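Hi everyone, thanks for making the time today.

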Amino acid sequence: HLHDDLSWNFPSWSISAEFAVYMLFFGWVFWLDRRQSLWMPLLVSMGAYGVLYAINPLTLDFTQDFGVIRCAAAFFLGMAIHRLRSVVGPTLPGLPLWELASMVLIGVSVSLAHEQPWALHGSIVGFALAVLVMSDQKDGPIGRLLLSAPLRKLGLWSYSIYMVNGIIMGGSINVLQ
């Protein structure tokens, strides 16, 4: 609660949230999860999403107030998916259909989120599914497309683009007025 709203560089909330979660992860690795359980990070993620849902069940768009909890929820979900990937194996049966399903779910939920904030819940499932199926880098057509040189370059630049888009798009105008 340092500010009532995001400040002049609104994407920067994620840097401090990620730093806090990396510190949490450090403790996690050394003290809490020595067995590298598949279920522990999933339970932490579900608990964090549960807290966010209890705060506001209509949306998961938390940044300045509960960004650390939101970041932790996604981070530990990613950890669970990484561990699940080693259980599932290198190739999923019907991979092109799973790729397509994840892209459709992401596209529909993100498109609806502006008018229907609850749709962000579907994007969590879609992105989790996409990470699971796209981590098989050799068989699916969408995965192969994402490995193309131009899209890999864009992926390398994406976080930097995200961090300056508010300034470029005029996010600092309100602060200056």
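How many aromatic pairs does a search of the whole structure find? Keep in mind as we go that this is a predicted model. The search turns up five aromatic pairs. Let me begin with Tyr22 and Phe75: their ring centres sit 6.1 Å apart and the planes meet at 70°, so we call this pair edge-to-face. The two partners come from distant parts of the chain, with Tyr22 in helix H1 (residues 13–32) and Phe75 in helix H3 (residues 67–88), 53 residues apart. Tyr22 counts as partly exposed, at 45% relative accessibility. Phe75 is also classed as partly exposed, at 25%.

Phe75 has another partner, and that is Phe25. Here the distance from centre to centre is 5.2 Å, the planes are at 70°, and the pair is edge-to-face. Again distant parts of the chain are linked, because Phe25 belongs to helix H1 and Phe75 to helix H3, 50 residues apart. Phe25 is partly exposed as well, with 30% relative accessibility. If you want to select the whole group in your viewer, Tyr22, Phe25, Trp28, Phe75 and Phe76 form one aromatic cluster.

Let's stay with helix H3.

Which residues of H3 are buried? The list runs Gly67, Cys71, Ala72, Ala73, Phe76, Leu77, Met79, Ala80, Ile81, Arg83 and Arg85. You'll notice that Phe76, a member of the aromatic cluster, is on that list. Among the elements that cover these buried residues are H1, H2 and H5. After the helix comes Gly89, which has a positive phi, near 105°.

Now a step back along the chain, to Pro57. Pro57 sits in the loop between helix H2 (39–55) and H3. With a relative accessibility of 37%, Pro57 counts as partly exposed. Pro57 and His121 are 64 residues apart along the chain, and 9.6 Å separates their C-alpha atoms.

Next, Ser123, which is found in helix H5, residues 120–134. Is Ser123 buried or exposed? Its relative accessible area is 8%, and the cut-off for buried is under 20%, so Ser123 is buried. Setting aside neighbours within four places in sequence, Ser123 makes contact with Ser109 and Val110.

Last stop: the surface. Which residues form a nonpolar patch there? They are Leu145, Leu146, Leu151, Leu154, Leu156, Trp157 and Ile161, and together they have about 700 Å² of accessible area. Helix H6 (141–146) and helix H7 (149–168) each contribute at least two residues to the patch. The most comes from H7, which gives five residues. Take Leu156 as an example: Leu156 is located in helix H7, and its relative accessible area of 67% makes it exposed.

Note on methods
Residues are numbered from 1 along each chain as its sequence is written. This is a predicted model: local features need pLDDT of at least 70, side-chain atom pairs count only at pLDDT 80 or more; totals for chains, interfaces and linings use all residues. Side-chain values use heavy atoms; hydrogens and water are left out. Patches are made of residues with over 30% relative accessible area and no salt bridge: like charges are joined within 9 Å, nonpolar side chains (Val, Leu, Ile, Met, Phe, Trp, Tyr) within 5 Å. Accessible areas come from the Shrake-Rupley method with a 1.4 Å probe; for residues, only the protein chains shown count as cover. A salt bridge is a side-chain nitrogen of Lys or Arg within 4 Å of a carboxyl oxygen of Asp or Glu. Helices (H or I, at least four residues) and strands (E, at least two) are DSSP runs, numbered from the N terminus. Buried means under 20% relative accessible area, exposed over 50%, partly exposed in between (1.4 Å probe, protein chains only). Contact means heavy atoms within 4.5 Å. Rings of Phe, Tyr and Trp (its six-membered ring) pair if their centres lie within 6.5 Å; planes under 30 degrees apart count as stacked, over 60 as edge-to-face and the rest as tilted.
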